[in-house]
Amino acid sequence: MKGYYTDESSKTFFEDDNIESIAKGTWLPNGTLKPEVSGARRYGVAKMCATMMIGELQERLDADLALQGISVVGVDPG
(Lines give C-alpha, C1' and ligand atoms only; values in the text may rest on other atoms or scores of the structure.)
Protein backbone atom coordinates (compact mmCIF):
# COMPACT_ATOMS: atom_id res chain seq x y z
CA MET A 1 0.00 0.00 0.00
CA LYS A 2 2.82 2.40 0.79
CA GLY A 3 5.46 0.60 -1.22
CA TYR A 4 6.36 -1.78 1.60
CA TYR A 5 6.50 -4.82 -0.68
CA THR A 6 8.09 -3.38 -3.82
CA ASP A 7 11.55 -4.99 -3.66
CA GLU A 8 12.09 -8.62 -4.65
CA SER A 9 13.37 -9.72 -1.21
CA SER A 10 10.03 -8.94 0.42
CA LYS A 11 7.78 -10.70 -2.10
CA THR A 12 8.42 -14.23 -0.78
CA PHE A 13 7.09 -14.48 2.75
CA PHE A 14 7.90 -18.10 3.52
CA GLU A 15 8.69 -21.36 1.77
CA ASP A 16 7.90 -25.00 2.50
CA ASP A 17 5.40 -24.28 5.30
CA ASN A 18 8.14 -22.70 7.41
CA ILE A 19 6.79 -19.55 9.03
CA GLU A 20 9.40 -19.42 11.80
CA SER A 21 11.03 -16.28 10.39
CA ILE A 22 7.70 -14.44 10.45
CA ALA A 23 6.72 -15.70 13.89
CA LYS A 24 10.06 -14.66 15.41
CA GLY A 25 10.44 -11.39 13.48
CA THR A 26 13.63 -12.39 11.66
CA TRP A 27 12.05 -11.98 8.21
CA LEU A 28 13.17 -8.52 7.14
CA PRO A 29 14.53 -7.41 10.52
CA ASN A 30 14.56 -3.75 11.53
CA GLY A 31 18.18 -3.29 10.44
CA THR A 32 17.22 -4.10 6.83
CA LEU A 33 15.16 -0.97 6.27
CA LYS A 34 13.70 1.79 8.39
CA PRO A 35 12.09 0.18 11.47
CA GLU A 36 8.60 1.40 10.59
CA VAL A 37 8.85 -0.20 7.13
CA SER A 38 10.20 -3.53 8.41
CA GLY A 39 7.64 -3.59 11.21
CA ALA A 40 4.77 -2.80 8.85
CA ARG A 41 5.89 -5.57 6.50
CA ARG A 42 6.07 -8.15 9.27
CA TYR A 43 2.69 -7.05 10.65
CA GLY A 44 1.07 -7.28 7.23
CA VAL A 45 2.52 -10.71 6.54
CA ALA A 46 1.40 -11.99 9.94
CA LYS A 47 -2.14 -10.73 9.25
CA MET A 48 -2.10 -12.38 5.81
CA CYS A 49 -1.02 -15.70 7.35
CA ALA A 50 -3.79 -15.50 9.95
CA THR A 51 -6.33 -14.83 7.20
CA MET A 52 -5.06 -17.75 5.13
CA MET A 53 -5.21 -20.03 8.18
CA ILE A 54 -8.97 -19.43 8.56
CA GLY A 55 -9.76 -20.91 5.13
CA GLU A 56 -7.31 -23.78 5.53
CA LEU A 57 -8.71 -24.74 8.93
CA GLN A 58 -12.28 -24.61 7.64
CA GLU A 59 -11.40 -26.90 4.72
CA ARG A 60 -9.82 -29.41 7.10
CA LEU A 61 -12.81 -29.33 9.43
CA ASP A 62 -15.25 -29.78 6.54
CA ALA A 63 -13.28 -32.81 5.31
CA ASP A 64 -13.73 -34.64 8.64
CA LEU A 65 -17.24 -36.06 9.12
CA ALA A 66 -17.01 -35.72 12.90
CA LEU A 67 -16.03 -32.04 12.67
CA GLN A 68 -18.18 -30.78 9.78
CA GLY A 69 -20.51 -28.80 12.05
CA ILE A 70 -17.73 -26.51 13.31
CA SER A 71 -17.36 -23.09 11.72
CA VAL A 72 -14.24 -20.94 11.83
CA VAL A 73 -14.56 -17.22 12.48
CA GLY A 74 -11.70 -14.75 12.33
CA VAL A 75 -11.81 -11.67 14.53
CA ASP A 76 -9.43 -8.73 14.25
CA PRO A 77 -9.03 -7.08 17.64
CA GLY A 78 -8.15 -3.76 16.00
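This dialogue walks through a few features of a predicted model.

Visitor: Where do I start? How many helices and strands does the chain have?

Guide: Begin with the secondary structure. The chain has 2 helices and 0 strands. One of them, helix α2, covers residues 35–63.

Visitor: How many salt bridges are there?

Guide: General idea first. Side chains of opposite charge can pair when their charged atoms come close. In this model the count is 1 salt bridge. Arg-60 pairs with Glu-56, and their closest N and O atoms are 2.7 Å apart. That falls inside the 4 Å cut-off for a salt bridge.

Visitor: How are Arg-60 and Glu-56 separated in helix α2?

Guide: Look at their spacing. The two residues sit 4 residues apart in helix α2, so about one helical turn separates them.

Visitor: Are Arg-60 and Glu-56 exposed or partly exposed?

Guide: Take each in turn. Arg-60 is exposed, at a relative accessible area of 58%. Glu-56 has 37% relative accessibility, so it counts as partly exposed. The cut-off for exposed is over 50%.

Visitor: And for the chain, what share of residues counts as buried?

Guide: Of its 78 residues, 15% are buried. The accessible surface of the chain is about 6000 Å². Carbon and sulfur atoms hold 58% of that surface.

Visitor: Now contacts across the sequence. Which residues does Gln-58 touch, leaving aside neighbours within four places?

Guide: Gln-58 belongs to helix α2. Beyond those sequence neighbours, Gln-58 contacts Ile-70, Ser-71 and Val-72. Check the side chain of Gln-58 too. One of its polar atoms lies 3.1 Å from the backbone oxygen of Ile-70.

Visitor: What separates the C-alpha atoms of Gln-58 and Val-72?

Guide: The distance is 5.9 Å, for residues 14 apart along the chain.

Visitor: What share of contacts comes from residues 24 or more positions apart?

Guide: Take the contacts in the chain with a separation of 6 or more. Residues 24 or more positions apart account for 30% of them.

Technical notes. Residues are numbered from 1 along each chain as its sequence is written. This is a predicted model: local features need pLDDT of at least 70, side-chain atom pairs count only at pLDDT 80 or more; totals for chains, interfaces and linings use all residues. Side-chain values use heavy atoms; hydrogens and water are left out. A salt bridge is a side-chain nitrogen of Lys or Arg within 4 Å of a carboxyl oxygen of Asp or Glu. Buried means under 20% relative accessible area, exposed over 50%, partly exposed in between (1.4 Å probe, protein chains only). Contact means heavy atoms within 4.5 Å. Accessible areas come from the Shrake-Rupley method with a 1.4 Å probe; for residues, only the protein chains shown count as cover. A polar contact is a pair of N or O atoms within 3.5 Å; within protein, one must be able to donate a hydrogen and the other to accept it, and residues adjacent in sequence count only if both atoms are side-chain atoms.
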